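Student: I would like to learn how to read a structure feature by feature. Could we start with a helix?

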Amino acid sequence: MKKILPLLTLIVGILFGFTCIQTEKGNKILPENKVLHVGIVVKDIEKSLDKWVILLDLKKRPSVNIAAGHEENPTHYRGKPSNAQAKLAFMDLDNLKIELIEPVGAPSHWKEFLDTKGEGVHHLAFEVKGIGEHYIDTFEAIGHPTVQQGGWNGGEYSYMDGITEESSLAVMIELIENYKK
């Protein structure tokens with residue numbers, strides 16, 4: 001319970017106080033101020049999910065799925081191909097989704113985060129259109145390098161580093177593009 005309260009405090013702060021990232025000139029980088037989900041890296045997704053189900057009084061336990069690279073848009077971790085996988089579970093709240101992530105297998109940013117920082121909030125996810133045409137280059141130009149990217153049948157994602165000293169966001173930013181919307 002002691003670990004859950006700081007996470008809830010962060011989530012409330014995000015919902016009521018988070019504004020979009022802007023360049024030094026004030027140009028808006030993200031098109032909307034809507035967070036799709038908060039990603040939380042955990043050691044054991046089943047145990048964590050049990051606690052979240054109780055805390056949120058969920059009537060139905062979310063399913064756990066395996067996320068793996070896709071042959072048409074394979075996973076890259078720190079610029080190199082990776083067979084990274086993770087167990088994922090999403091909890092739909094009235095105003096936000098919470099994603100639990102348990103890294104499994106090959107090196108990944110999820111595993112790196114768990115090994116160096118322990119369990120905790122990993123990223124804030126934003127939906128974008130044209131992820132490769134605009135967003136990745138823009139984020140990298142202002143000091144948020146890509147640490148992991150990949151896709152699935154129907155979309156792609158990219159984690160932009162917001163934890164570096166020069167970025168000072170204190171959280172990763174996940175850009176997500178769903179092709180089928």
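Tutor: Gladly. The expected span of a helix is 1.5 Å times one less than its number of residues. Keep in mind that this is a predicted model.

Student: What span should the 12 residues of α2 have, and how far apart are its end C-alpha atoms?

Tutor: With 12 residues at 1.5 Å a residue, α2 should span 16 Å, and its end C-alpha atoms are 16 Å apart, so the two values agree.

Student: Which residues of α2 are buried?

Tutor: First the general idea: an α-helix has 3.6 residues a turn, so residues three or four places apart point the same way. In α2, the buried residues are I45, S48, L49, W52 and V53. Their arc around the axis is only 140°, which means that they sit on the same side of α2.

Student: Which exposed residues does the face of α2 turned away from the buried side carry?

Tutor: That face carries K47, K51 and I54.

Student: And what can I look for at the two ends of α2?

Tutor: At the start of α2, look at D44: one of its side-chain oxygens comes to within 3.0 Å of the backbone nitrogen of E46. After α2 comes D57, which has a positive phi, near 55°.

Student: Let us step back to the whole chain. How many helices and strands are there?

Tutor: The chain has four helices and 10 strands. Along the sequence, their pattern reads α-β-α-β-β-β-β-β-α-β-α-β-β-β. Of the 181 residues in the chain, 45% are buried.

Student: How do I read a nonpolar core?

Tutor: In soluble globular proteins, nonpolar side chains tend to be buried together. Here the largest nonpolar core has 27 residues, and I40, L100, F139 and L175 touch the most other members. Several elements each supply at least two residues of this core, among them α2 (45-56), α4 (131-141), β1 (37-41) and β10 (172-178). There is also a second, separate core of 14 residues, including F113, L114, A125 and I176.

Student: Now the aromatic rings, please. How many aromatic pairs are there?

Tutor: A pair of aromatic rings is described by the distance of the centres and the angle of the planes. Rings count as a pair if their centres lie within 6.5 Å, and planes over 60 degrees apart make the pair edge-to-face. By this rule there are two aromatic pairs. One of them joins W110 and Y159: the ring centres are 6.2 Å apart and the planes stand at 85°, so this pair is edge-to-face. It links distant parts of the chain, as W110 is in helix α3 (residues 109-117) and Y159 in strand β9 (residues 155-160), 49 residues apart.

Student: Are W110 and Y159 buried or exposed?

Tutor: Buried means under 20% relative accessible area. W110 has 6%, so W110 is buried; Y159 has 2%, so Y159 is buried too. Together with Y157, W110 and Y159 form one aromatic cluster.

Student: Which residue lies over the face of F90?

Tutor: That is K97, at 5.9 Å from the ring centre of F90.

Student: Finally, where is H144, and which backbone oxygen does its side chain reach?

Tutor: H144 is in the loop between α4 and β8 (146-152). With a relative accessibility of 5%, H144 counts as buried. Its side chain reaches the backbone oxygen of D161 at 3.1 Å.

Methods
Residues numbered from 1 in each chain as written. Predicted model: local features only at pLDDT ≥ 70, side-chain atom pairs only at ≥ 80, totals over all residues. Heavy atoms only, no water. Phe/Tyr/Trp six-rings, centres within 6.5 Å; stacked < 30°, edge-to-face > 60°. Buried < 20%, exposed > 50% of the residue type's maximum accessible area, 1.4 Å probe, protein only. Lys NZ or Arg CZ within 6 Å of the ring centre and 35° of its normal. Core = buried A, V, L, I, M, F, W, Y, C linked by side-chain atoms within 4.5 Å. Arc of directions from axis to C-beta. Polar contact = N/O pair within 3.5 Å; in protein donor to acceptor, adjacent residues only side chain to side chain.
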